[in-house]
Amino acid sequence: MKAQAPTAYGQGLSSQAQNLHWLLTNLVEEVPGIRSVAVVSSDGLLLLSSDPDRAEEAARPGGSDGPRGSSADLATIVSGLGSLTNGAAKLMDGGSVKQTMITMDEGSLFVMSISDGSLLGVHATPDCDMSVIAYHMALFVGRAGHVLTPELRSELRKSMESAQ
């Protein structure tokens, strides 16, 4: 199942926010094997989603019994995994965590740090080309990292809240 590109919830935003939505859409549409993508703030809030409609559904009381791996689920997992790996890195005097990859029988999970403490998470198919996904994630992080200001993060949070 291919992830959906972001929809109308990205309309009416600043040019920087629209640019981030465009970058996410490109990532989803151009890279084979991606199931779901989420950008999560350093405090664990979903900022961008590849499937905002399913994120909205999951957030409602008695929400979706739909497939796991929606962006809302992914955001929770990415936030927790980011916290766990950062804690491990501190204990090991390993410096900052750049990326984390988990391979499973039925898919892969990639988490990459963005310069402001935000995280990019990608849930991919089991047959994905991991190096291609990691490369395109690095491109996204390189392009998005310098524009994720506190003001833009606030705008993106409000955009996600209004989509629900």
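I started with the largest pocket: its lining residues split into 5 nonpolar, 12 polar and 1 charged. For that tally, Ala, Val, Leu, Ile, Met, Phe, Trp, Tyr, Cys and Pro are nonpolar, Asp, Glu, Lys and Arg are charged, and the others, Gly among them, are polar. I'm looking at a predicted model, where local features need pLDDT of at least 70 and side-chain atom pairs count only at pLDDT 80 or more, while totals for chains, interfaces and linings use all residues. Numbering runs from 1 along each chain as its sequence is written, and side-chain values use heavy atoms, with hydrogens and water left out.

I noted a volume of about 260 Å³ for this pocket. Of its 18 lining residues, Asn 86, Ser 113, Gly 117, Ser 118 and Leu 119 lie nearest the centre. Helix α3 gives the most to this lining, with 4 residues.

My terms: on a 1 Å grid over the protein atoms alone, a pocket is an open set of points with protein on both sides within 12 Å along at least five of seven lines, a cavity is a set where a 1.4 Å probe fits but cannot get out, and lining residues have an atom within 4 Å of a point. Points are joined across faces, edges and corners, and a volume is the space filled by probe spheres set on them. Helices (H or I, at least four residues) and strands (E, at least two) are DSSP runs numbered from the N terminus.

**Cavity.** I found 1 cavity of 30 Å³ or more. The largest cavity holds about 40 Å³ of space. Its lining includes Gly 82, Val 97, Thr 100 and Met 112. I counted 4 nonpolar, 6 polar and no charged residues there. The elements α3 (71–91), β3 and β4 each supply at least two of the lining residues.

**Sheet.** Next I traced the open sheet of 5 strands, ordered β2-β1-β5-β4-β3 with antiparallel pairing (two strands pair if DSSP finds at least two bridges between them). Its edge strands are β2 (46–49) and β3 (99–104), each pairing on one side only. Strands β4 (residues 107–113) and β5 (residues 119–124) pair over 6 bridges. Val 111 has Gly 121 in β5 as its bridge partner.

**Pro 32.** Last, I checked Pro 32, in the loop between α1 (15–30) and β1. Pro 32 is exposed, with a relative accessible area of 59% (exposed is over 50%, buried under 20%, partly exposed in between; 1.4 Å probe, protein chains only). Its C-alpha atom is 8.8 Å from that of Thr 125, 93 residues apart along the chain.
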